[in-house]
Amino acid sequence: MERRIAHVDMDAFFAAIEQRDDPSLKGKPVIIGADPKGGRGRGVVSTCSYEARKFGVRSAMPISEAWRRCPGGVYLPPDLEKYEQASRRIREAFYEFTPDIEQVSIDEAFLDITRSAHLFGGPLETCRRLKARVKELTGLTCSVGLAPTKLAAKIASDLRKPDGLVEVREEGLRAFLAPLDISRLWGLGPKTAAVLRERGINTIGALAAARAPDLDGLGSHGPQLRALALGEDPREVREEGEAKSVGNEVTFEKDTDNAREIKESLAALADKVSSRLRAAGLKGRTVTLKVRLEGFETHTRARTLTLATNYADVLAREALGLYAAFDRRRKKVRLLGVKVSGLLPAQEKESLFEDEGDARREKAHRAIERIRGRFGNSAIYRAGAKKDI
Ligand code: TTP
Ligand code: MG
C-alpha cells in the first residue's frame, strides 16, 4: 500500500508570530535575532519574514550583514516561550489527524496519514484541512508536502512556500526527484557533493542513473545515496534519532578568552536549556557544546550520557567538561551554545536505580521554578550562572 506521509513546516515561523501579534508589522521586513546595534551587532539572524528575504536576509546570517542588506527592517529579539506555545498548539492540531507524528523541530513535523486519511476525505483533503486547522488555532500559515516517502515529503513542503501544498504520488516519485539538485538529499555532505559534481553528477536523476564506477570511493554511502535518488526511502515516521533538540546560544559582545566569563555563560546556557526542557516535559541524553571562534570558525563537541537528564547542574557540568577538553588554539571565543538531543519524556524511567542525587535535584529545581514563576526569571540564579542570557 502506498504510504502517505505529510511534512509540515511553518512559514517564517518566529517572524510570522510577531507579525500576527502586532498587525503594524504585516507586510514589513521583520528580522528576528540578535540586537543589530546599528550594524555593529555581533549575533546572528534566527529567521526573517518573506518581505525581508527579498533583501537577501537569511537565517544564521550575521546580524550586521542583515543590517547592511536591510537597514529599514524591523529588528526584534526572539521570544522563545511564545514560539514554544505556538508550537504546542500546532502539535495539538496534528493530533486531530493522526497519532503518528514525528516532531522534527519547533516548527516542523512528519505525519503518517496513511491509515487516517480516509476519515478526512483522502490524503490531499486531509492536508488541506490540517492547514486550515493550524491557521484556525494559531493564525499562522504552514507549507505541506505529501508524498510516499519522508525525503520527498520534506522536499515537497519546501517547494511552494509560503502557504504551499504539494502532492507527490508513487508513480511520479522518480520524475519528481530527478531534476532536483543533489544537495536536496539527506545525509549528503558538502564533501560528497563536491566529489559527485566533479564526476558530472549534479541532479538526483543523474545520481539515480549513475553506474558503480561513478560511486567509487563513497563507501557504503554510495549505494545508500543512489537508493534515495531512486526514491527508495523506507524510513518510518517516528524513527529514532531524528534531529530533535533543545538548545540555546550566546554571542559575546567582544570575542573573549576570559575563563570566568566563559564558565558563567556555559552555566547560564545550561540553566536556560534545563528550564526549557523541563517546561516541555522532556529530558535528553546527548549534550552538545558549540564553540564559534574568532573569524567564525565553528566547532561542536558532544557527549552521550548513560541516563537522560534535564537538570541544570548536570548539563552545566557536561558543558564545562566538553569545553575544558576543547583546544581553541589560543583563539578567542565568539559564540557558545549548549544543546540537548536524544529527547524522551521526562517521566520515563530508564533505570531501577535512580541516581541518589535525583530526588534532591528535583526538589531544588522545583523550588527555583516556583520562585521564578512568582517573581520572574532573574529573581534567582543558580550558583555559577549569575547571568542573563
Ligand atoms: P525554519 O523552518 O528553517 O525557518 P522559518 O520557519 O522561519 O521559515 P520557512 O518559511 O523557510 O520555513 O526554522 C524554524 C524556526 O527556527 C525559525 O522561524 C527560527 C528558528 N531558526 C533559528 O533560530 N536559527 C536558524 O538558523 C534556523 C534555520 C531557524
Ligand atoms: Mg519553517
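Colleague: What makes K82 partly exposed?

Modeller: K82 has a relative accessible area of 22%. Buried means under 20%, exposed over 50%, and partly exposed in between, with a 1.4 Å probe and protein chains only. The value for K82 falls in between, so K82 is partly exposed. This is a predicted model, in which local features need pLDDT of at least 70 and side-chain atom pairs pLDDT 80 or more, whereas totals for chains, interfaces and linings use all residues. Residues are numbered from 1 along each chain as its sequence is written, chains are lettered from A and ligands numbered from 1 in the order in which they are written, and side-chain values use heavy atoms, without hydrogens and water.

Colleague: Why is the pair of D21 and K82 called a salt bridge?

Modeller: The term requires a side-chain nitrogen of Lys or Arg within 4 Å of a carboxyl oxygen of Asp or Glu. The closest N and O atoms of D21 and K82 are 3.0 Å apart, so the pair qualifies. D21 belongs to helix 1 (residues 13-21) and K82 to helix 4 (residues 80-95), so the bridge ties together parts 61 residues apart in sequence. Helices here are DSSP runs (H or I, at least four residues), numbered from the N terminus. D21 is partly exposed at 39%.

Colleague: How many salt bridges does the structure hold?

Modeller: The structure holds 36. One of them joins R278 and E369, at 2.5 Å from N to O. R278 lies in helix 11 (residues 259-279) and E369 in helix 13 (residues 357-375), so this pair ties together parts that are 91 residues apart in sequence. R278 counts as buried at 14%, while E369 is partly exposed at 34%.

Colleague: Which residues touch the most other members of the largest nonpolar core?

Modeller: They are F176, L177, I182, L185, L188, L196 and L207, in a core of 32 residues. The elements giving two or more residues to this core are helix 6 (150-159), helix 7 (173-177), helix 8 (190-198), helix 9 (204-208) and helix 10 (221-229). Helix 6 provides the largest share, five residues. A nonpolar core is a set of buried Ala, Val, Leu, Ile, Met, Phe, Trp, Tyr and Cys residues joined through side-chain atoms within 4.5 Å.

Colleague: What is L196 in contact with, leaving aside its neighbours within four places in sequence?

Modeller: L196 is in contact, that is, with heavy atoms within 4.5 Å, with I182, L188, I201, L207, D214, L215 and L218. A second, separate core of 31 residues includes V8, I17, A93 and V134.

Colleague: Which residues are closest to ligand 1?

Modeller: A12, T47, Y50, R53 and D107 are the closest of the 14 residues that surround ligand 1, a residue being counted if one of its heavy atoms lies within 4 Å.

Colleague: What makes the pairing of D107 with ligand 1 a polar contact?

Modeller: With a ligand, the term means a pair of N or O atoms within 3.5 Å. A polar side-chain atom of D107 lies 2.8 Å from an oxygen atom of ligand 1, so the pair qualifies. For the side chain of R53, the distance from an N or O atom to a ligand oxygen is 2.8 Å, and for D9 it is 3.1 Å.

Note on methods
Polar contact = N/O pair within 3.5 Å; in protein donor to acceptor, adjacent residues only side chain to side chain.
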